[in-house]
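Biologist: I have a chain open and would like to go through it with you. Can we start with what you mean by a contact?

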Amino acid sequence: MVTSSALAATVAVLALAHPARAQAPDPAPPAQPQDPPPAPPAPEQSATTTRSDQPAADAKVTLRGTVTGEDHAPQPGAGVSITALGLYVFTDEKGEYTLSVPPGPHVVRVEMAGQLPVEKTVIAGATSTAVDFQLAEGSLGEVITIVGSRTPRSRLETPVPVDVITSDVISESSHTELNQMLNVIAPSFNAAHLAIVDGTDHIDPADLRGLGPEHVLVLVNGKRLHQSSLINVYNLGTVGVDLNAIPTAAIARIEVLRDGAASQYGSDAIAGVINIVLKDNIDVVDLYTMTGITGSGDGAQFKLGGNTGFKLGDRGFANVTGEFFARGRTNRAGAWEGDIFPGASGAAETDQMLASKGLTRDDFKMGVGQSGALVGTGVLNAGYRLDHTFTLHAQGSYTLRKGYASGFYRFPADEDQVDLHVYPNGFLPQINPMLNAWTATGGVRGKTGPWEGDLSLTYGGDNFHFFVDHSLNASLGAMSPTSFDAGQLNFRQTSVNLDGVRRIDQKALKALSVVGGAELRHENYFIVAGQPESYELGPELDSAGQPKIPGSQVFPGFQPVDASNSKTSRLSEAVYAGVESQPTAGTNADVGARFEHYSDFGSTLTGKVAGRVTVFKRDDSDVAVRASASTGFRAPGVQQIGYSTIITNFTNDASGMVQPSNVLVSPNRSPVTEAFGVPRLKQETSVNLSGGVTARLSGNLAISADYYHVAIKDRIVLSGQFRNDDPTIGVAVADIVAPFPGVTAAQFFVNAVDTTTDGVDVVADYSYRLPRGVFKATAAVNLTQTTVDAVHVPQSMQQRFSSVDGGPNRVAEVFLGRFGRNALEDLLPRQKGTLGLRWDYAGWSAGLRANYFGPTEFHSDGGKGLDESFGEEMVFDVDVGYRIGGIYLSVGANNVFNIFPDQVRQPDNRYFESFLYAPASNTAGAPFGIAGGFYYLRAEYHR
């Protein structure tokens with residue numbers, strides 16, 4: 001067990017293991033805050049070079065120069081490194097670099113995406129030395145990665161698969177939000193806008209390699225980004241990070257580690273890690289705007305923003321991004337075809353009454369489509385060099401989002417949901433939340449001799465504040481408000497991290513580094529109750545003498561009992577250590593382990609081993625094999641432990657008709673879950689295996705193919721719904737939920753299943769110098785399949801219903817359900833691919849991207865008669881632009897042919913023509929959304 005005192009001692013020992021030596025001030029520009037850690041030294045270096053009796057090793061001279069392209073234009077953002085010294089910097093906006101090095105010979109390497117790396121042996125003299133580099137276009141270069149390793153490596157040199165999405169790819173993307181951009185660029189990544197899913201209308205759940213959003217760890221500049229406070233109750237209770245809170249204009253590159261990394265980064269990294277590296281440019285002004293509309297004439301979008309960087313004195317920098325984004329709603333529902341008014345049954349009577357009121361069926365259609373949004377975001381990335389050894393670094397962001405979405409229409413005939421004195425024609429209730437998300441990191445990074453370390457503090461969180469408009473608490477009748485403050489969800493995360501790397505000089509291996517560190521993290525989750533009218537039961541009765549439904553329609557407010565049940569906090573303490581080595585020029589071998597203790601469920605130990613071997617190398621071509629094996633874990637989210645609410649859910653009843661019901665989602669360890677016999681949540685555990693081949697051919701073609709196998713035990717999901725009208729266990733359920741007026745069902749989080757996920761990722765990059773311009777192509781394919789191996793129905797739950805005839809068997813049927821298995825196995829496409837082509841010449845740039853989405857399935861808890869199958873789809877994105885001086889103008893289209901998914905076939909799933917492209921409240925059949933084509937204009941000014 002790791003205690004707080006033990007962790008503090010570990011931090012102190014690592015920090016003081018090698019005291020800093022007094023050194024002359026470094027005349028170089030400020031270090032970039034996200035420079036990769038140092039690489040291992042070359043074998044000819046001797047460990048004696050760091051001894052105090054070797055003063056020559058401490059002498060420093062300046063190595064500077066300019067990096068240009070074939071057209072002699074400066075190349076900002078090029079990486080300049082000296083591997084043997086562990087030095088790595090980026091060129092500034094003028095293409096200039098500066099390094100502080102000992103006198104003598106050094107191998108300097110320059111690399112930039114889309115261009116061939118260049119190496120020169122440079123002899124640094126006793127004074128400043130100038131060396132310029134010229135890169136050749138038309139060959140494929142490599143970007144140094146940070147994620148997955150504490151020593152710098154290129155994408156094809158890592159022993160596990162890492163995608164690097166560079167700034168040029170990000171700037172070329174026409175998608176306005178990060179989730180949607182990744183959805184078409186990274187095939188193993190899935191995200192889509194959902195409709196009529198309460199708060200999830202406004203935060204898109206995203207997954208990697210077919211696993212849930214809770215299995216993806218997101219970092220910003222290598223620091224853990226907090227998860228959202230929102231629970232996606234319509235997709236098994238997943239919880240993830242709101243990637244759309246980060247504007248793409250602030251991003252220098254994105255690194256996607258497609259491998260289990262719990263032993264390196266801790267909980268949530270079972271599927272992989274996404275590391276977002278912020279821009280650190282200075283002396284730059286980048287202003288941009290974009291506007292567009294869908295092919296259906298709705299969903300208009302407008303984006304306006306800017307990015308700039310400037311020096312802080314002569315040792316620091318700050319890069320700032322500000323953005324405003326507005327998105328209109330889309331609606332793909334058909335005109336309502338069912339009954340509307342009390343006393344009018346059938347189409348003829350309903351149409352007659354509509355005509356008498358001067359209304360049409362279009363006046364009663366639902367709002368099924370992408371939500372509306374107003375978003376303002378600010379991002380800061382900064383650094384300041386104190387001396388030659390220590391550099392301060394800081395980053396932060398703040399996002400304010402106002403969302404607009406709706407629920408199911410409440411018709412005049414729905415007696416228990418409406419009051420005709422307030423809404424004579426019924427109403428379409430709105431969920432219009434306010435979201436606040438923030439994160440801030442401050443720390444100090446140090447380099448001295450063979451040591452490098454980083455001590456940082458990160459604080460972040462979000463508030464998801466539910467506001468319900470155009471609604472009603474039917475049980476209060478005419479006394480009810482029509483707008484409600486329904487309460488808010490809150491999540492806070494604070495982490496202290498110490499990370500260190502020490503290069504070990506020795507002759508047996510080409511390079512060897514020891515890495516280690518510690519983390520102290522505190523998480524806090526709580527709910528704030530809404531106004532009383534949003535949840536209370538009033539005196540109004542329906543014609544049968546039964547109470548009308550209490551609470552604000554579409555989303556009943558959080559109650560005081562939710563607020564008291566939800567207060568959940570956790571303290572975790574972790575230490576990790578590992579070895580990253582390069583035994584020979586063509587091999588890598590890494591091994592590491594992590595021990596972590598959680599205040600609420602105990603300790604866990606994970607480990608990982610990975611390696612890479614070059615099997616062929618000649619000139620600018622090489623072929624290598626790589627493999628890894630690791631164990632992983634995911635602690636139950638504090639949101640999943642503490643979430644407590646009543647949701648209004650529309651589900652198919654026994655006859656197949658869609659009916660509303662208030663469902664109690666009860667938190668773990670509550671009296672309700674104890675009454676059901678639900679055990680306490682525990683951690684998920686996993687085993688990850690991967691193996692693959694990488695090849696670089698003729699310098700301009702790179703290919704990687706990787707197989708992965710992820711086995712997860714005790715996976716946490718939201719159970720099926722236990723209903724009070726169930727023919728077998730309904731009476732027993734009714735007794736448990738009786739204290740909650742209007743509630744007809746209950747569900748809760750459980751360690752429900754074991755799953756196995758197998759898949760293959762294939763990625764290819766190619767570039768070619770044409771007589772006029774440069775041609776670039778990127779192709780990627782993901783094949784994945786998740787299988788539910790076992791369903792763990794707690795014996796305590798079956799015993800709770802053992803007195804009911806058939807009770808244990810019925811509990812087992814409801815526990816996960818047909819849709820629960822479907823959501824894990826085939827709700828998302830098992831095949832996905834992309835082919836991107838781009839041609840650049842002079843001021844022109846043109847792009848074409850083809851996106852393939854494989855077939856999907858929907859399996860209903862209402863029975864096989866409601867199941868749906870959706871076919872494969874191919875959509876195309878195009879754009880063309882021209883640069884005039886510092887201004888770039890472009891026009892383009894996402895889904896240029898205005899393709900829509902297959903339509904729902906089962907009439908009961910269409911809900912009187914409301915849901916045409918996917919059944920209510922899920923993504924089946926619509927992995928690329930249901931908005932159709934989006935056509936836009938874009939302008940950018942760069943100086």
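Modeller: A contact means heavy atoms within 4.5 Å. This is a predicted model, where local features need pLDDT of at least 70 and side-chain atom pairs count only at pLDDT 80 or more, while totals for chains, interfaces and linings use all residues. Residues are numbered from 1 along each chain as its sequence is written, and side-chain values use heavy atoms, with hydrogens and water left out.

Biologist: Okay. Which residues does Val710 touch, not counting residues up to four places away in sequence?

Modeller: Val710 touches Leu211, Ile270, Val687, Asn688, Thr755, Thr756 and Thr757. Take Thr755: it is 45 residues from Val710 along the chain, and their C-alpha atoms are separated by 8.2 Å.

Biologist: Is Val710 buried or exposed?

Modeller: Val710 counts as buried because its relative accessibility is 3%. Buried means under 20% relative accessible area, exposed means over 50%, and partly exposed is in between, using a 1.4 Å probe and protein chains only.

Biologist: Which strand is Val710 in?

Modeller: Val710 is in β35, residues 701–718. Strands (E, at least two residues) and helices (H or I, at least four) are DSSP runs, numbered from the N terminus.

Biologist: And what does β35 pair with?

Modeller: β35 pairs with β34 (residues 684–697) in the antiparallel sense over 13 bridges. β35 also pairs with β38 (residues 749–769), again antiparallel, over 16 bridges. Two strands pair if DSSP finds at least two bridges between them.

Biologist: Which residues stand opposite each other there?

Modeller: Leu697 stands opposite Leu701 in β35, and Arg715 stands opposite Val753 in β38.

Biologist: What about the turn between β34 and β35?

Modeller: That hairpin has three residues between the strands, and Ser698 takes a positive phi near 55 degrees.

Biologist: Where are Asn221 and Asn895?

Modeller: Asn221 lies in the loop between β14 (216–220) and β15 (223–224). Asn895 is in the loop between β45 (887–894) and α12 (907–910). Asn221 counts as buried at 4% relative accessibility, and Asn895 counts as buried at 7%.

Biologist: Changing topic. How many residues of helix α3 are buried?

Modeller: Eight of the eight residues of α3 (residues 178–185) are buried, so the helix is largely enclosed by the rest of the structure. Among them are Leu178, Met181 and Ile185.

Biologist: Now the surface. Which residues make the nonpolar patch?

Modeller: The patch covers about 1,100 Å², and its residues include Leu287, Trp839, Tyr882, Val891 and Leu937. Like charges are joined within 9 Å, and nonpolar side chains (Val, Leu, Ile, Met, Phe, Trp, Tyr) within 5 Å. Accessible areas come from the Shrake-Rupley method with a 1.4 Å probe, and for residues only the protein chains shown count as cover.

Biologist: Which strands each supply at least two residues of the patch?

Modeller: β40 (831–841), β44 (873–884), β45 and β46 (934–942) do. Leu937 is in β46, and Leu937 is exposed, with a relative accessible area of 53%.

Biologist: Last one: how many helices and strands does the protein chain have?

Modeller: The protein chain has twelve helices and 46 strands. Of its 943 residues, 59% are buried.

Technical notes
Patch = residues over 30% accessible without salt bridge, like charges linked within 9 Å, V, L, I, M, F, W, Y side chains within 5 Å. Salt bridge = Lys/Arg side-chain N within 4 Å of Asp/Glu carboxyl O.
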